[in-house]
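Student: I have a model open and I'd like to learn how to read it. Can we go through it together, one feature at a time?

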Amino acid sequence: MSESWRTRLARLKFNLFPVYRGTGGRVRYIREDWQEIRVEIPYSWRTKNYMGTTFGGSIYGACDPMHAMLLIKNLDESTYAVWDTEASIDFKRPGRTDLYAKFELSDDEIASVKRAVDADGPVNRAYEVDVVDADGVVHATVENVVHVSKR
C-alpha cells in the first residue's frame with residue numbers, strides 16, 4: 001500500500017507539531033491503512049548530545065507515540081481509549097548517523113486487541129521496535145506499553 005493524501009497530511013501535521021518537532025525525529029511515511037509508520041532521527045546538531053552521539057531523548061521521543069497512534073487509528077475512537085502507560089529503551093550502541101524505526105501492526109494484532117478488550121476489559125500490550133542505521137545495525141530497542149480499554 002502507499003501513502004494517501006490523508007496520511008501525507010497527517011505526516012505533515014506530525015512533523016509540524018511543536019512537541020514532536022522538538023524530538024528532532026521526522027515521520028517519513030504513514031501507510032494508507034495506518035498499519036505502518038516510518039520514522040527518521042537525523043544525526044544533526046539538534047539531536048546530538050554532549051558526547052557527539054544521538055541523544056537518547058531524541059530516539060525515545062521520536063518513537064514514543066507511534067504504536068499508540070497505530071492503535072488509535074485502527075480502533076473505533078468512540079469505543080476504545082488508547083494510552084501509552086510505560087516505556088523503556090535499551091541502548092545497544094551510540095548513533096553517529098541517521099537512525100530509522102519502522103512501526104507496524106498486523107490485522108491479527110488489531111483483531112486480538114479488540115477481542116481481548118471486549119472479552120476481558122482493559123489490556124496492556126507491549127510493543128518493541130528496533131532503531132537502526134541505514135545498514136540495519138540496531139542502535140536501540142524501544143519498548144512501549146499501550147493501554148487499551150472501552151470508553
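This is a predicted model: local features need pLDDT of at least 70, side-chain atom pairs count only at pLDDT 80 or more; totals for chains, interfaces and linings use all residues.

Student: What holds strands of a sheet together in general?

Tutor: Strands of a sheet pair through backbone hydrogen bonds, and the pairing is either parallel or antiparallel. To see a case here, find Tyr29: its bridge partner in S2 is Arg38. Then look at the hairpin of S1 and S2, where five residues sit between the strands. Trp34 in that hairpin takes a positive phi near 60 degrees.

Student: Is S1 mostly covered or mostly open?

Tutor: Mostly covered: of its five residues, four are buried.

Student: In what order do the strands lie in the sheet?

Tutor: Six strands form an open sheet, and the order is S1-S2-S4-S5-S6-S3, with antiparallel pairing. Strand S1 (26-30) and strand S3 (80-91) each have a single partner strand, so they stand at the edges and one side of each is left without a neighbour in the sheet.

Student: Which strand pairs with S3, and over how many bridges?

Tutor: That's strand S6 (residues 138-150), which pairs with S3 in the antiparallel sense over 11 bridges. You can check two positions yourself. Asp90 has Thr141 in S6 as its bridge partner, and Glu86 stands opposite Val145 in S6.

Student: What is the bridge partner of Ala126 in S6?

Tutor: Val145. So that residue turns up in both pairings: it stands opposite Glu86, and it is the bridge partner of Ala126. S5 and S6 pair over 10 bridges, in the antiparallel sense. Their hairpin has five residues between the strands, and Gly136 there takes a positive phi near 85 degrees.

Student: How should I think about the side chains along a strand?

Tutor: As a general idea, in a regular strand the side chains alternate between the two faces of the sheet. Now for what packs on this sheet. Helix H5 (residues 107-120) does, touching S3, strand S5 (123-132) and S6. The direction of H5 makes about 155 degrees with that of S5.

Student: How many helices and strands are there in the chain, and what pattern do they follow?

Tutor: The chain has five helices and six strands. Going along the sequence, you read α-α-β-β-α-α-β-β-α-β-β. The radius of gyration is 16 Å, close to the 15 Å that the globule rule gives for 151 residues, so the chain is as compact as a globular protein of that length.

Student: What box do the C-alpha atoms fill?

Tutor: Roughly 50 × 35 × 30 Å, taken along the principal axes. For contacts, take those between residues at least 6 apart in sequence: 66% of them join residues at least 24 apart.

Student: And what percentage of the residues is buried?

Tutor: Buried residues make up 46% of the 151 in the chain. As for the surface, the chain exposes about 8,300 Å², with carbon and sulfur atoms supplying 51% of it.

Student: Let me try a single residue. Is Arg6 buried or exposed?

Tutor: Exposed: Arg6 has a relative accessible area of 61%, and the cut-off for "exposed" is over 50%. Arg6 lies in helix H1 (residues 5-16). To finish, select Arg6 and Asp120: they are 114 residues apart in sequence and 34 Å apart in space, C-alpha to C-alpha.

How values were computed. Residues are numbered from 1 along each chain as its sequence is written. Side-chain values use heavy atoms; hydrogens and water are left out. Two strands pair if DSSP finds at least two bridges between them. Helices (H or I, at least four residues) and strands (E, at least two) are DSSP runs, numbered from the N terminus. Contact means heavy atoms within 4.5 Å. Axes are lines fitted to C-alpha atoms, for helices over the stretch in contact, and angles run from 0 to 180 degrees between N-to-C directions. The radius of gyration is taken over C-alpha atoms; the globule rule is 2.2 Å times the number of residues to the power 0.38. Buried means under 20% relative accessible area, exposed over 50%, partly exposed in between (1.4 Å probe, protein chains only). Accessible areas come from the Shrake-Rupley method with a 1.4 Å probe; for residues, only the protein chains shown count as cover.
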